[in-house]
Every structure is written in structure tokens, then in C-alpha cells.
Amino acid sequence: MRLTVVGCSGSYPGPESPASCYLVEAEHTDASGETRTWRILLDLGNGALGQLHRYADPLGIDAVFLSHLHADHCLDLCGYYVMRKYHPTGPQPRIPVWGPAGTAERMARAYDLPLEPGMTEEFAFTEHDGPVDLGPFRVEAREVVHPVAAFALTVSAGGRTLVYSGDTGPCAALDEAAAGAHLLLAEASFRSVDDNPPDLHMTGADCGRTAARAGVERLVLTHVPPWHDPADAEAEARSEWSGPVELARAGATYEV
């Protein structure tokens with residue numbers, strides 16, 4: 001399973017990266033014996049669709065999984081709707097989009113569409129509710145703490161596991177989702193030196209403690225806002241956990 005960071009900037013696109021979007025790829029052989037690469041997206045935040053072209057054909061994506069409905073995690077679904085509806089090769093087949101309750105309505109409003117049909121002719125919207133098996137992947141969503149309904153996403157394939165925190169404050173649900181993960185992709189939006197509101201985001205230190213509690217193999221920090229120095233998040237994480245720590249950057253790839 002390969003993870004490519006399409007966008008990792010926190011809260012809005014930054015000078016070095018779009019907002020949140022992660023491409024996950026894995027090979028799969030179906031019942032007929034045909035082998036191909038399956039591709040899913042975890043989030044599609046503002047600015048990410050354009051950058052996705054660098055790493056994969058956007059029309060070759062098999063599904064999108066949204067952690068939550070803040071703009072920096074979902075808004076480029078609007079551009080993706082336009083691409084799939086009006087592409088010169090013709091309207092594209094519907095693809096599945098999993099997200100929180102109300103995703104279809106949220107995206108219709110975002111593009112000023114009538115709620116019916118909204119984007120439902122381009123996307124098959126489904127609420128997070130239990131594990132999803134898709135090609136080589138099993139994806140499980142677990143609700144975490146944030147001002148809106150938000151989910152950590154666990155992606156498994158070939159006996160390996162990637163856990164994406166989405167946006168969350170420290171919580172037992174994230175610890176449970178991350179338990180034993182081979183790679184934990186965790187948001188580090190806050191700094192410990194600041195007076196941070198509860199149940200919103202994590203600090204680098206929170207990420208390190210989560211990695212330690214969960215016994216993960218590798219920690220990658222993401223979603224650092226442009227107003228912070230990512231090195232602060234890395235230093236905080238290292239102060240709480242002795243395992244491998246990296247800072248996500250646009251274009252980075254990880255074999256999970």
C-alpha cells in the first residue's frame with residue numbers, strides 16, 4: 001500500500017501545499033484474474049484537485065472518503081464534480097463518496113446546486129457506517145472529537161494498516177483506531193505553548209503521546225497551519241515518543 005501526500009496544509013492551502021488530501025494505492029487481483037492498481041482519496045480539501053494531477057489521473061480514482069465537512073477537507077469535491085460531469089470524453093461513471101451524514105446536501109450547497117439531484121448523478125454518497133471493503137482495501141471510520149461530526153479513517157490492505165486522524169482533539173477513539181498501526185498520519189495543528197481550545201485539534205506532543213499509547217510503527221505529522229513552524233510540531237512529537245517521526249510534505253510518498 002502506498003500513501004502519497006497530495007496536500008497537507010492545515011485549515012487552508014499554504015504556500016507549500018494545498019489543504020488535506022491523501023492518495024492511497026494498492027494492487028488487487030479480482031475473481032477473473034485481472035490485476036490493477038486501486039486508488040482512493042482520503043479527503044479532497046481546497047486546492048488539492050489540481051495537485052492530484054501530478055500523482056494520478058483524477059478520473060482513475062475509485063472512491064473518496066471524507067473525514068469531515070470543513071472546507072479544507074472536502075471543498076475540492078466541487079471541482080471534481082465539474083470534471084466528472086463536463087469532461088470532454090463525456091460524463092464519467094458515478095463513484096462512491098463516503099462521508100458524515102449530510103455530505104450530499106453540504107456539497108450541493110457548496111456549489112449552489114439544487115439539493116435534488118445535487119451531485120448525486122456524479123457521486124454515490126454513503127454515510128460512514130461500518131467497514132467498507134473496496135478492491136484491496138478495508139476502510140473503517142471511527143468518530144473522533146471535533147466541532148462537527150469527524151472521523152478517523154483506518155485503511156488496511158495486504159496485512160498493513162494506515163490510520164489517518166482527520167481533525168480531532170486527543171481522544172480514546174483515536175487511540176483505539178491507531179492501535180498497532182504501521183503508519184499513523186496525525187494532525188498537529190496546535191502548539192503546546194499556546195492556550196488551545198479543547199476537542200478541536202492536537203499538538204505535536206499529543207500526536208507523540210497517541211503514537212506511544214497506540215504502539216504504532218511510524219508517525220507522520222500533518223495539517224500544520226501555515227502560521228506555525230512545522231519543526232515545532234516535530235520537536236514536540238519527539239519529546240513524547242522515541243519512534244520514527246516525519247513531517248508530511250506535498251508529494252511525499254510512503255510505503256506502508
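User: Which residue in strand 9 is the bridge partner of R138?

Analyst: S156 is the partner of R138. This is a predicted model, where local features need pLDDT of at least 70, side-chain atom pairs count only at pLDDT 80 or more, and totals for chains, interfaces and linings use all residues. Numbering starts from 1 along each chain as its sequence is written, and side-chain values use heavy atoms, leaving out hydrogens and water.

User: And how many bridges join strands 8 and 9?

Analyst: Seven, between strand 8 (residues 137–144) and strand 9 (residues 150–157), and the two run antiparallel. Strands here are DSSP E runs of at least two residues, helices are H or I runs of at least four, both numbered from the N terminus. Two strands pair if DSSP finds at least two bridges between them.

User: What's the strand order in that open sheet?

Analyst: It goes 7-8-9-10-11-12-13, seven strands with mixed pairing. At the edges sit strand 7 (132–134) and strand 13 (245–247), each pairing on one side only. The twist averages 20 degrees from one strand to the next.

User: Which helix packs on it?

Analyst: Helix 7 (residues 230–240), which touches strand 12 (219–222) and strand 13. The direction of helix 7 makes about 170 degrees with that of strand 13. Axes are lines fitted to C-alpha atoms, for helices over the stretch in contact (heavy atoms within 4.5 Å), and angles run from 0 to 180 degrees between N-to-C directions.

User: Switching to helix 4. Which residues are buried there?

Analyst: In helix 4 (residues 103–110), T103, A104, M107 and A108 are buried, meaning under 20% relative accessible area with a 1.4 Å probe, protein chains only. Down the helix axis they fall within an arc of 130 degrees, so they line one face. That arc uses the directions from the axis to the C-beta atoms.

User: What do they pack against?

Analyst: Helix 2 (71–74), helix 3 (77–86), strand 5 (95–99) and strand 6 (123–127). Just after helix 4, D112 takes a positive phi of about 60 degrees.

User: Now V24: buried or exposed?

Analyst: V24, in strand 2 (residues 21–29), counts as buried because its relative accessibility is 0%. Setting aside neighbours within four places in sequence, the contacts of V24 include W38, F137, V155 and R2.

User: How far is R2 from V24?

Analyst: They're 22 residues apart in sequence and 5.6 Å apart in space, C-alpha to C-alpha.

Terms used: Buried means under 20% relative accessible area, exposed over 50%, partly exposed in between (1.4 Å probe, protein chains only).
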